[in-house]
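A guided reading in paragraphs would be welcome.

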Amino acid sequence: MAVVEEDVVAAEVDSSKRSKDLFGLGWRPQLAAGILLNLDRVDLVEVIADDFFKAPWRERRALRTLATQLPVTLHGVTLGLASSVNVDRRRLDCMARLCEEIVPLSWSEHLAFVRGGGIEIGHLAAPPRCDETLEGTLRNLLLARRVVGVAPQVENIATLLDPPLSSYDEATWVAEIICNSESDLLLDLHNLYANASNFGFDPVAFISRIPGSRIRGIHLSGGKWVGRENDQRILDDHLHDVPDPVYALLEEVGARTEPGLTIILERDGEYPPTEILLNQLDLAREALARGRARKRTVVFREAAA
Amino acid sequence: MSATLESFLARVYVDQDYRESFLRDPRSEAVKAGLSPAEVQAVMQIDQVGLELFAASLQKKRQKRCAKTDALKQQ
């Protein structure tokens, strides 16, 4: 197991002490040049941690160099924390070593299961939202916190499939995890928008269920409608621009949170010119600012009353 | 969710033959997989539209990964 200097790392990753929102992009080789040429408009990058678990020394050195140029967050995709089965300790150890090496602003994983019975699903799968997965997730988050030294932020996932055996709605299940662990929420607003559209719930009500102080990160992305004409669903494919309803949700987040969020735009293919992505970051800045202005208005009205 | 249900769902999601067999006779496959009575009931009512869409998206991802691996091998 990697030995992590808990206090040092904890001080680095405690985003709650930061008073400025940071806007950035998911780090992808195809976007690297565009990001490095526009550091005045990109505050941070999010790196897929798993890509570096077994990476050659040179690649890890390049990542360390990147982390000296701008703040980095690490994002896991294969831990499978939301499971009744214990998280794979070797993968957690890899995450711990990488966090120790890179000293990221924060690290995160998804509320998903990714394997079962030796079968790798190859993507994030929504677990049944029931007591067993709730307990298993909390157990895994405790272990992750202990091994890595800092609790991960946890991300709500998009799903095309309403998971069977669910006794909780998604908002309750996620809120239970956040309120019963040290993990803050990395709120993926396109995932929320997709699930709300696919399964008919109110995304703003979902946001209201999470204490604003526990929302520390935001993901933005785009997707597309798939399926038969009479039963279409949104696939979160990260291949499209951020749709307007997602900016509207970001405004709602702004009205409920304090500055200090990290906002990451994710793009995994069909890459447009960098300027298009930077413009989407600007739209995100504007949406968050509108929300924060609403919040200030409410505070002033309350103070005046 | 038991570990058995997790294994069952993983197989249904990625194994096309198994999925087709399950969709033809959900109860039989679920019982054979060793699911509890409550889990059998739950998977019998699985969201079939969502299941097919999710399985299709997984297959597409696998194909993309294979194409990428092949391209790397050819370099």
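**From the barrel strands to the helices**

A:Leu186 has A:Gly217 as its bridge partner in E9(A). Helices (H or I, at least four residues) and strands (E, at least two) are DSSP runs, numbered from the N terminus. This is a predicted model, in which local features need pLDDT of at least 70 and side-chain atom pairs count only at pLDDT 80 or more, while totals for chains, interfaces and linings use all residues. Residues are numbered from 1 along each chain as its sequence is written, and chains are lettered from A and ligands numbered from 1 in the order in which they are written.

Two strands pair if DSSP finds at least two bridges between them. On to the next strand, A:Gly217 has A:Thr262 as its bridge partner in E12(A), and A:Ile218 has A:Ile263. Strand E9 (residues 215-220) and strand E12 (residues 262-265) of chain A run parallel and are joined by four bridges. E9(A) is mostly covered, with six of its six residues buried; a residue is buried if 20 or more other C-beta atoms lie within 10 Å of its own, exposed if 12 or fewer, and partly exposed in between, with C-beta atoms placed from the backbone.

These strands are part of a closed barrel of eight in chain A, in the order E1-E2-E3-E4-E7-E8-E9-E12, with parallel pairing. On average, neighbouring strands of this sheet are turned by 30 degrees against each other, direction ignored. H10(A) packs on the sheet, where it touches strand E1 (22-26), E9 and E12 of chain A, and its direction makes about 145 degrees with that of E12(A). Axes are lines fitted to C-alpha atoms, for helices over the stretch in contact, and angles run from 0 to 180 degrees between N-to-C directions.

H10(A) also meets another helix. The axes of helix H9 (residues 244-254) and helix H10 (residues 274-304) of chain A come within 7 Å and cross at roughly 40 degrees. That angle makes H9(A) oblique to H10(A), because angles under 35 degrees count as roughly parallel, over 145 as roughly antiparallel, 65 to 115 as roughly perpendicular and the rest as oblique. The residues of this contact divide into eight nonpolar, two polar and five charged; Ala, Val, Leu, Ile, Met, Phe, Trp, Tyr, Cys and Pro count as nonpolar, Asp, Glu, Lys and Arg as charged, and the others, Gly among them, as polar.

H9(A) packs against H7(A) as well, at an angle of about 115 degrees and with the axes 9 Å apart, so H7(A) is roughly perpendicular to H9(A). A:Leu189, A:His190, A:Leu192 and A:Tyr193 of H7(A) make this contact with A:Pro245, A:Val246, A:Leu249 and A:Leu250 of H9(A). These residues divide into seven nonpolar, one polar and no charged.

A:Tyr193 lies in helix H7 (residues 189-199) of chain A. Why does A:Tyr193 count as buried? A:Tyr193 is buried because 24 other C-beta atoms lie within 10 Å. A:Tyr193 and A:Val246 are 53 residues apart in sequence, yet 6.7 Å apart in space, C-alpha to C-alpha.

Finally, the two chains touch through 26 residues from chain B and 27 residues from chain A, where contact requires C-beta atoms, placed from the backbone, to lie within 7 Å. Helix H1 (3-14), helix H4 (37-44) and helix H5 (48-74) of chain B are the elements that give two or more residues to that chain's side.
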